[in-house]
Amino acid sequence: MEWLKKNAKWLVLVLLLLGVLVGVTIYYKMFRRDPVWVEQQRNEKKKLDDLDRLLDKQGDPNAK
Amino acid sequence: MFVRIVTVVVALLVSAGGHAAELKFNVHSFGMSRVSFTSDAMLETIVGTTSKVSGSLTIDPKKPATTVKGQIVVDAATFRTGIDMRDAHLRSAKFLDAKTHPKATFSIEKVVGRGALVPGKKLKGTVHGTLTIKGVSKTIKVPIVVAFYKWTPELKNFKVFGDLLRIKASFPIKVADYGVKVPSVLGKKVAQSVMINLNITAVQAK
């Protein structure tokens, strides 16, 4: 008990650090989308949009 | 007798001519076709996509509604949502069970719509087909927009080397209809009704 009172400050600090560590791990594992995947999706979507833009010119009589 | 033979020959030629007008298109599997789903639940919106799409279609551009037939095949194990742990859940037996049922398919049986597929013109219609997910098949009706395009040299940049079809469709499905039970713990994170989006490029087979 005496030891707890004496080191309470450090104990709280360690628990806080552990909490932050667990929180960050949970965030990375469960909520953060892989940035490489996000970029890849953006590129794939852009490529399909570019294809549609090119093809739309075929249907547009005013296009060159 | 002679008249009968001539009639049969003419009939055969006409039917052969009709068949010759049907064109075969293969689904472009190199990133120019995408299938995605969107689950919009109370706590989270999940979008899963894959470009591992294959299949083929036969169609007569002059009368697409009565002649179209084909199948779109999706590799169920390749859906990605951007979070590895969630992707593993998605592939598991509770959800898609990709190990036992590696393919999800959509077979086109009939199209209700009017008009011919003229290059560059978009046609709207309703596809009647069978959607198979996790080994469960259901007949569904899907609103669709399809367009036929002639090949131009610029299409080389998209690895397209023939006349092509662009097919787009969005439709909701109830996951429970396909044997996917969303656990009550995840009820607020995964929707019971999921939107499926098809963005398909099919290139004429040579």
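Across the interface of chain B and chain A, 7 residue pairs are in polar contact, with both residues at pLDDT 80 or more. A word of caution before I go on: this is a predicted model.

Let's stay with that interface. Which elements of chain B give two or more residues to the side that touches chain A? They are strand S3 (45-50), helix H3 (84-91), strand S9 (164-174) and S10. S9(B) has the largest share, with 3 residues. Sorted by class, this side of chain B has 9 nonpolar, 10 polar and 9 charged residues.

Now the contacts. On chain B, 28 residues are in contact with 20 residues of chain A. The buried area between the two chains is about 2,100 Å². Carbon and sulfur atoms give 60% of that area. Which residues of chain B lose the most area to chain A? Arg34(B), Ile83(B) and Phe158(B) do. Together they make up 25% of what the chain B side buries.

Next, salt bridges. The count between chain B and chain A is 4. Take one that involves Arg34(B). Its side chain meets that of Glu44(A) in a salt bridge, at 3.1 Å from N to O.

Where is Asn199(B) found? Look at strand S10 of chain B, residues 193-204.

Last topic: the cavity. How many cavities of 30 Å³ or more does the structure hold? The answer is 1. The largest cavity has a volume of about 210 Å³. Its lining is made of 19 residues. Nearest its centre lie Ile59(B), Pro64(B), Val68(B), Val111(B) and Val146(B).

Several elements of chain B give two or more residues to this lining. They are strand S4 (53-59), helix H2 (64-67), strand S6 (103-112), strand S7 (122-133), strand S8 (136-149) and S9. S7(B) gives the most, with 4 residues. By class, the lining of the largest cavity has 13 nonpolar, 4 polar and 2 charged residues.

Key
Residues are numbered from 1 along each chain as its sequence is written. Chains are lettered from A and ligands numbered from 1 in the order in which they are written. This is a predicted model: local features need pLDDT of at least 70, side-chain atom pairs count only at pLDDT 80 or more; totals for chains, interfaces and linings use all residues. Side-chain values use heavy atoms; hydrogens and water are left out. Contact means heavy atoms within 4.5 Å. Buried area is the accessible area (1.4 Å probe) that two parts lose on being put together, summed over both. A polar contact is a pair of N or O atoms within 3.5 Å; within protein, one must be able to donate a hydrogen and the other to accept it, and residues adjacent in sequence count only if both atoms are side-chain atoms. Ala, Val, Leu, Ile, Met, Phe, Trp, Tyr, Cys and Pro count as nonpolar, Asp, Glu, Lys and Arg as charged, and the others, Gly among them, as polar. On a 1 Å grid over the protein atoms alone, a cavity is a set of points where a 1.4 Å probe fits but cannot get out, and a pocket is an open set with protein on both sides within 12 Å along at least five of seven lines; lining residues have an atom within 4 Å of a point. Grid points are joined across faces, edges and corners, and a volume is the space filled by probe spheres set on the points.
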